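Reader: I would like to learn how to read strand pairing and helix packing in a model, so could you take me through one slowly?

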Amino acid sequence: MIRQRKPAARSALVIGGGIAGMSAALALAEVGVAVRLIDSDPDWKVYGAGITITGPTLRVMKRLGILDRVMAEGWTADGLLACDAQGAELARIDTSDAALGEVPGAGGILRPALHQMLSERVRASGIAVDLGLSVRALAQGQPRQVTFSDGSSAAYDLVVGADGIFSATRDMLFPGLPAPKYVGQVCWRLMTERHPQIDRRTYFLGGPLKVGMNPVSPEGMYMFLLEPVPQFQRLPDEALPGRLAELMAPYGGIVADVRDAITAGSTIVARPLETIFLPEPWYRDGVVLIGDAAHATTPQLASGAGMAMEDGLVLGEEIARADSVEAALAAFQGRRYARCATVVENSLQLGRLERACSTPVEQIRVVEDALKKLNEPY
Ligand SMILES: Cc1cc2nc3c(=O)[nH]c(=O)nc-3n(C[C@H](O)[C@H](O)[C@H](O)COP(=O)(O)OP(=O)(O)OC[C@H]3O[C@@H](n4cnc5c(N)ncnc54)[C@H](O)[C@@H]3O)c2cc1C
């Protein structure tokens with residue numbers, strides 16, 4: 001493709017090499033910006049849990065050029081299944097929608113596999129990657145002068161804060177903002193062999209807790225379970241299998257099969273759910289926050305990763321089309337605020353319904369309405 005005009009930024013620093021940061025780096029490099037990506041983790045590693053992928057997330061994965069690999073190495077299928085606590089089918093939610101184009105309606109993947117796919121593309125795109133590095137200070141002015149943790153400094157037309165829910169960039173840009181808030185639920189995740197009956201995202205509703213399973217590859221799946229806990233207290237690793245099996249005790253059918261297969265060596269993560277949604281604007285003087293740094297959601301709609309990738313792509317598009325960085329960031333903000341609010345607000349609403357043990361019908365309606373909205377173009 002022959003580019004007609006120069007991008008609004010010649011250089012960009014992306015702080016954080018997670019899903020948002022890598023997507024932004026790829027999108028900015030594609031439109032001709034010289035991109036440097038840094039991550040504070042010297043090993044650039046992610047932990048081994050699975051994530052659920054929605055149709056809109058698959059659409060953005062296609063745009064990022066990783067859909068074929070996701071389909072080959074992860075799992076995709078159409079439709080979601082809602083079952084009762086004993087595993088009897090309650091409803092099938094259709095995820096197909098012409099607005100999504102030629103992508104499946106749902107899927108799942110292991111975080112390390114997704115990280116591998118994105119990071120290989122980043123490395124192949126000529127993006128400079130520096131690991132074990134963070135930002136010590138951001139000076140005022142344009143271009144932005146950045147001082148790094150190793151004492152070096154450099155100037156960039158655009159700085160992208162993609163450093164996750166506990167973003168240090170956010171603290172530098174908007175000091176005094178409240179910290180992310182714990183929502184009173186702990187998310188348990190168990191990585192295990194795929195149960196033969198789990199061939200798509202499946203929820204088990206109407207029991208004391210919300211439980212779901214999702215394939216992440218032909219062989220593997222993960223189970224999540226949301227436990228209401230007023231005050232989070234971390235359990236020692238060796239206590240996780242026993243406590244998870246206890247929480248699954250009221251369930252029959254597939255959940256009981258999975259519970260009976262838990263061993264002391266099972267891969268289990270228990271994480272408190274926290275959220276933050278920044279008021280507009282998410283940018284100031286050439287520095288913009290994207291992904292969880294700006295809008296960290298609880299996982300009920302399984303859309304945090306999709307929103308993070310869309311942020312990156314929209315940023316690239318607006319930098320390509322605008323006359324100035326400021327104009328690009330204003331346009332970016334206009335396209336992202338309401339869409340990300342839909343995800344965060346509906347996820348919190350689902351959390352409230354779960355804690356109030358609301359009916360499956362009520363919860364399914366919120367999921368269907370929100371997913372339909374998200375199928376619309378970003
Ligand atoms: C329990 C749970 C389950 C979830 N399940 C799903 C799901 O099923 N589907 C889905 O779509 N989403 C899910 N999400 C949401 C999704 O994980 C996030 O929205 C997504 O990872 C956000 O990506 P990010 O790049 O913004 O942040 P992160 O993935 O957190 O990446 C931030 C990166 O920045 C780096 N970093 C941090 N601080 C610094 C610093 N100071 N300097 C430089 N680098 C730094 C980190 O090392 C990391 O690489 C879930 C979230 C949780 C908590």
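Author: We begin with strands and then turn to helices. This is a predicted model, in which local features need pLDDT of at least 70 and side-chain atom pairs count only at pLDDT 80 or more, while totals for chains, interfaces and linings use all residues. Residues are numbered from 1 along each chain as its sequence is written.

Reader: Which strands pair with strand 2?

Author: Helices (H or I, at least four residues) and strands (E, at least two) are DSSP runs, numbered from the N terminus, and two strands pair if DSSP finds at least two bridges between them. Here strand 1 (residues 11-15) pairs with strand 2 (residues 34-39) in the parallel sense over 5 bridges, with I15 opposite I38. Strand 2 also pairs in the parallel sense with strand 8 (residues 128-131), over 4 bridges, where L37 has V129 as its bridge partner.

Reader: How do I describe the packing of helix 9 and helix 10?

Author: Two packed helices are described by the angle between their axes and the distance between the axes. Axes are lines fitted to C-alpha atoms, for helices over the stretch in contact, and angles run from 0 to 180 degrees between N-to-C directions. Helix 9 (residues 304-321) and helix 10 (residues 325-355) pack at about 160°, with axes 9 Å apart; they are therefore roughly antiparallel (angles under 35 degrees count as roughly parallel, over 145 as roughly antiparallel, 65 to 115 as roughly perpendicular and the rest as oblique). Residues in contact have C-beta atoms, placed from the backbone, within 7 Å, and those making this contact include M307 and L315 of helix 9 and F332 and V343 of helix 10.

Technical notes. Two residues are in contact if their C-beta atoms, placed from the backbone, lie within 7 Å.
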